[in-house]
Amino acid sequence: MEVSIGFFVTSCTMASRWITVYILQEYDLRYVAISPPPPFARCCTLVLGVLVEIIEKCVEGASVRDVCIAGDNLILEETSKVFKKEKEMKKGIAFPVCISANGCICHFSPITSEPDHTIAKDDVLKIDLGVHLDGFISMIAHTVVVGANSENKITDKRANCFLAAHYASQAALRLMRPGNDTYQITDMVMKVCKEFDCKPVEGMLSHQLQQFKLDGPKTIIQNPSESHRKEHEKATIEANEVYALDVLVSTGSGAARETTAKVSVFKKTEEVYPLKLRASRIFYTEVIQKHSIMPFNLRNFEDEKKAKMGVMECVNHKLIEPFQVLFEKTGETVVQYKFTVLVTATGPARITGLPFEEDLYVPNLSIKDPEILSLLKTSVNQRGILQPVKKKKKKPQKNVNNAAGENCSMDVDPPSKTEAGVEKMEVDASA
């Protein structure tokens, strides 16, 4: 598998500095109504580095469980190296590493007593994870094909699915501007997928992120049913908000279903209930002390068997929420792209995510809709996180008596390099 990750590997040492400059100088980010904190900037670089290392481990013959464990350990190792002087700062896993293959939609990260998945050639792997520092969360998900390279391209219906997911995420990103509503994004994702004869996975949510809160008050739903539309009200995107934009697209019907795969990822809720069983009380206390409200995997507990016993009563009384392992129909493929987005007064900025390797996919369908093409040609914030802001050079003034003109300069975003077409489009900050 060939992955263009060199840029991120060589840039990560400098990225924290530039992300901080980007957020502080360019965007008056009020993440949970406070000044932009250094932990958030550092978190964005950490999650990229972890994802790159996980991708390198996703090779033919590898165990999904082993790669997930290595990824979780890497998050803990890397977060332990930063902000050492802040003894009380909580940091670590915001979402455990999950690797869902082919028709598995999400949340596959099996415990040691449950069946594993051995990675095979041509497997489509969705890698999903999150990191937090002081409760400031950075989320990311990326999809790769094992063994895909310039000599082994994807030419079947999966190629359409990859292009649909990529362009749907890019279109959604461009609509994340102050004043737009969440259902504009929902409808656009559906339109893009229709162009490639694919379906967004029904009911999947993109959440607003807040400090120590993975599922903020605003959500963006994709492919909603009528009941979903009643449950999820339209919300307005506002400046200075942060979202985990999550797009999942299927070659099939997009209907998610549960199978025999056991849940391993859970999250504490805000419900209160006096637990009866001693094992449940011990388990719940450990959840509060070690994970607080962040999602966790049952593998993280010393005694996995006791953890499985303790979690049952907690789930039954809604103290703990399970993240169900969901599947499409057998034979179908699901592709996922998720990235963290800052919504600014001037537009959106994608601050996590890897480049899309479009050359690896040979679809037999393309975008024809003029509205979608026009949207994709629009630029997003071009001042990259990994590069400093460049000032436009001042032109000499003919009228030397015009003092105001002599000191006047415009600081503008450059136009998109690919406005002539969308075939090679990757214009967000992380590209």
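Where is Lys194 found?

A: Lys194 is found in helix 5, which covers residues 182-195. (Helices are DSSP runs of H or I, at least four residues, and strands are runs of E, at least two, numbered from the N terminus.) Before going on: this is a predicted model, where local features need pLDDT of at least 70 and side-chain atom pairs pLDDT 80 or more, while totals for chains, interfaces and linings use all residues. Numbering runs from 1 along each chain as its sequence is written, and side-chain values use heavy atoms, without hydrogens or water.

Back to Lys194. With 69% relative accessibility, Lys194 counts as exposed (that's over 50%; buried is under 20%, partly exposed in between, using a 1.4 Å probe and protein chains only). Ile367 sits 173 residues away from Lys194 along the chain, yet their C-alpha atoms are separated by 9.2 Å.

Now look at the partner of helix 5. Helix 4, residues 157-175, packs against helix 5 at about 155 degrees, and their axes are 9 Å apart (axes are fitted to C-alpha atoms over the stretch in contact, with angles from 0 to 180 degrees between N-to-C directions). The pair is therefore roughly antiparallel (over 145 degrees; under 35 is roughly parallel, 65 to 115 roughly perpendicular, the rest oblique). On the helix 4 side, Ala164, Tyr167, Ala168, Ala171, Ala172 and Leu175 make the contact, and helix 5 brings Gln184, Ile185, Met188, Val189, Val192 and Cys193 (contact means heavy atoms within 4.5 Å). Sorted by class, that's 11 nonpolar residues, 1 polar and no charged (nonpolar: Ala, Val, Leu, Ile, Met, Phe, Trp, Tyr, Cys, Pro; charged: Asp, Glu, Lys, Arg; polar: the others, Gly among them).

Like Lys194, which counts as exposed, Lys318 is exposed, at 59% relative accessible area. Lys318 also has a positive phi of about 60 degrees although it is not a glycine.
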